[in-house]
Protein chains: 2
Amino acid sequence: LKQEEAETVLEFRPIRYRPMSVRGALKEMKKLSSLMVDLAYSSVLYRDRDLAEGVLELGDTADHLSYLLLMNASLVARDKRDAEQIAGILKAASSIHKMAGAAKDIAMVELQGLSLHPSVQEAFKKVEERLVRTTIQPGSILDGRRIGDLKLEVSIGVDIIAVRRGKTWHVAPRVDFKLAKGDIVHARGSDVGVGLFDRLGRGELKEVP
Amino acid sequence: LKQEEAETVLEFRPIRYRPMSVRGALKEMKKLSSLMVDLAYSSVLYRDRDLAEGVLELGDTADHLSYLLLMNASLVARDKRDAEQIAGILKAASSIHKMAGAAKDIAMVELQGLSLHPSVQEAFKKVEERLVRTTIQPGSILDGRRIGDLKLEVSIGVDIIAVRRGKTWHVAPRVDFKLAKGDIVHARGSDVGVGLFDRLGRGELKEVP
């Protein structure tokens with residue numbers, strides 16, 4: 001290795017083994033990669049560089065998780081049957097990881113300023129009409145409410161996937177996360193649902209239907 | 001090239017240029033890859049080999065479309081500004097194509113019989129609870145109805161993404177597609193919506209809420 005190459009490699013923190021459930025890691029990776037895909041499309045649709053950067057950070061988390069899964073899975077197999085099952089899990093994990101990679105690529109479209117052409121916006125809008133970004137206005141009934149208490153999933157079929165408050169991103173916020181005016185909320189759901197959610201955020205609609 | 005390699009290459013049909021709108025091709029690719037991801041997850045969730053094979057076929061269509069897009073895009077640029085915009089479209093297309101590749105990978109998990117481990121099922125089920133597969137029973141109100149007339153998207157937030165009738169797959173069926181008893185219908189939507197849709201298909205629910 002040449003000196004410069006060695007130095008570049010040193011910028012990456014080595015990933016150390018830590019015990020974790022292979023099953024849990026796979027579930028977490030799936031959740032993370034689906035979220036990354038949604039947020040990546042949103043970053044292009046709303047020309048949101050911060051969100052695109054957030055997707056890249058989530059990508060680092062996905063990479064980390066993927067290594068931990070490989071390490072833990074490789075310690076599990078004791079016989080041929082175990083090995084066959086582990087192969088399935090590793091193949092599933094690698095395909096999920098590929099999806100996370102595609103999401104990072106989409107975020108790069110935004111970061112590299114390549115999303116200017118209307119065709120790019122249009123292609124993403126066409127299918128991803130179910131994504132919405134709403135800023136909670138003063139007077140909105142969402143201000144001060146816990147996500148779980150709003151029961152948006154049941155009433156209007158909408159899921160909050162990320163909240164930006166100031167400089168902080170809350171990705172996949174928990175049910176006890178309390179929304180506040182000024183929050184920029186990314187959500188997904190049915191056509192009708194995301195429309196209703198947007199009106200709730202703007203304060204135009206005064207109760208959850 | 002060695003002789004055997006040349007023969008292998010001959011198995012692929014050459015893709016010939018045909019004029020098409022770059023914008024249209026990008027939209028179509030986006031639609032196709034999102035559909036492939038949904039159907040790939042469904043193929044693992046429902047252990048459905050036919051569906052997994054269908055995903056691979058859709059992947060061929062996506063590959064073909066991707067080449068046509070490259071060909072047409074390369075003819076469009078006349079000046080530096082055009083070239084910059086085309087770069088954006090090509091980057092977006094390649095990330096979308098990567099997503100289609102990840103979907104094919106997931107379908108391979110099923111085809112290679114690697115989906116047996118409960119962790120794999122569980123990981124996909126956890127997030128993709130919004131996918132449903134229903135067989136239309138005799139007496140179901142869906143039997144004989146056109147998809148567009150049912151207005152499922154508006155009423156219960158459900159989208160029909162593919163219908164299998166006998167040996168034929170109808171992927172992303174049009175609004176004038178008439179459902180019939182025996183159809184195996186793949187749909188996606190909100191938690192509540194897909195539950196209602198399943199009950200409509202089974203004939204347990206006699207009208208669209």
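1. Which side chain meets B:Arg202 in a salt bridge? B:Asp198 does, with N to O at 2.9 Å. Keep in mind that this is a predicted model. B:Arg202 and B:Asp198 sit four residues apart in helix α8 (residues 191-202) of chain B, so about one helical turn separates them. B:Asp198 counts as buried at 15% relative accessibility, while B:Arg202, at 46%, is partly exposed.

2. On to a pair that spans more of the chain. B:Glu110 forms a salt bridge with B:Arg47, and their closest N and O atoms are 3.3 Å apart. B:Glu110 belongs to helix α4 (residues 80-111) of chain B and B:Arg47 to the loop between α2 (22-45) and α3 (49-76), so this pair ties together parts 63 residues apart in sequence. B:Glu110 is buried, with a relative accessible area of 2%; B:Arg47 is partly exposed at 37%.

3. The loop between α2 and α3 of chain B has another pair to look at. There, B:Asp48 meets B:Arg133 in a salt bridge (3.0 Å, N to O). B:Arg133 is in strand β1 (residues 131-135) of chain B, and the two partners are 85 residues apart. B:Asp48 counts as buried at 11% relative accessibility, whereas B:Arg133 is partly exposed at 30%. Over all chains, the count comes to 20 salt bridges.

4. Now the interface. Chain A and chain B bury about 4,100 Å² between them, with 65% of that on carbon and sulfur atoms. Each chain puts 47 residues into the contact. Four salt bridges cross the interface, and A:Asp105 with B:Lys98 make a salt bridge at 3.3 Å, N to O. Two residue pairs across the interface are in polar contact. On chain A, the helices that each supply at least two residues to the side touching chain B are α2 (22-45), α4 (80-111), α5 (118-127), α7 (152-156) and α8 (191-202). α4(A) gives the most, with 18 residues. By class, that side of chain A has 20 nonpolar, 11 polar and 16 charged residues.

5. Last, the nonpolar cores. The largest has 82 residues, and those with the most contacts inside it are A:Leu26, A:Phe124, B:Leu26 and B:Phe124. Leaving aside residues up to four places away in sequence, A:Phe124 touches A:Tyr41, A:Val44, A:Leu45 and A:Ile106, plus B:Lys30, B:Ala92 and B:Ile96. There's also a second, separate core of 20 residues, which includes B:Val132, B:Val158, B:Phe177 and B:Leu196.

Key: Residues are numbered from 1 along each chain as its sequence is written. Chains are lettered from A and ligands numbered from 1 in the order in which they are written. This is a predicted model: local features need pLDDT of at least 70, side-chain atom pairs count only at pLDDT 80 or more; totals for chains, interfaces and linings use all residues. Side-chain values use heavy atoms; hydrogens and water are left out. A nonpolar core is a set of buried Ala, Val, Leu, Ile, Met, Phe, Trp, Tyr and Cys residues joined through side-chain atoms within 4.5 Å. Buried means under 20% relative accessible area, exposed over 50%, partly exposed in between (1.4 Å probe, protein chains only). Contact means heavy atoms within 4.5 Å. Buried area is the accessible area (1.4 Å probe) that two parts lose on being put together, summed over both. A polar contact is a pair of N or O atoms within 3.5 Å; within protein, one must be able to donate a hydrogen and the other to accept it, and residues adjacent in sequence count only if both atoms are side-chain atoms. Ala, Val, Leu, Ile, Met, Phe, Trp, Tyr, Cys and Pro count as nonpolar, Asp, Glu, Lys and Arg as charged, and the others, Gly among them, as polar.
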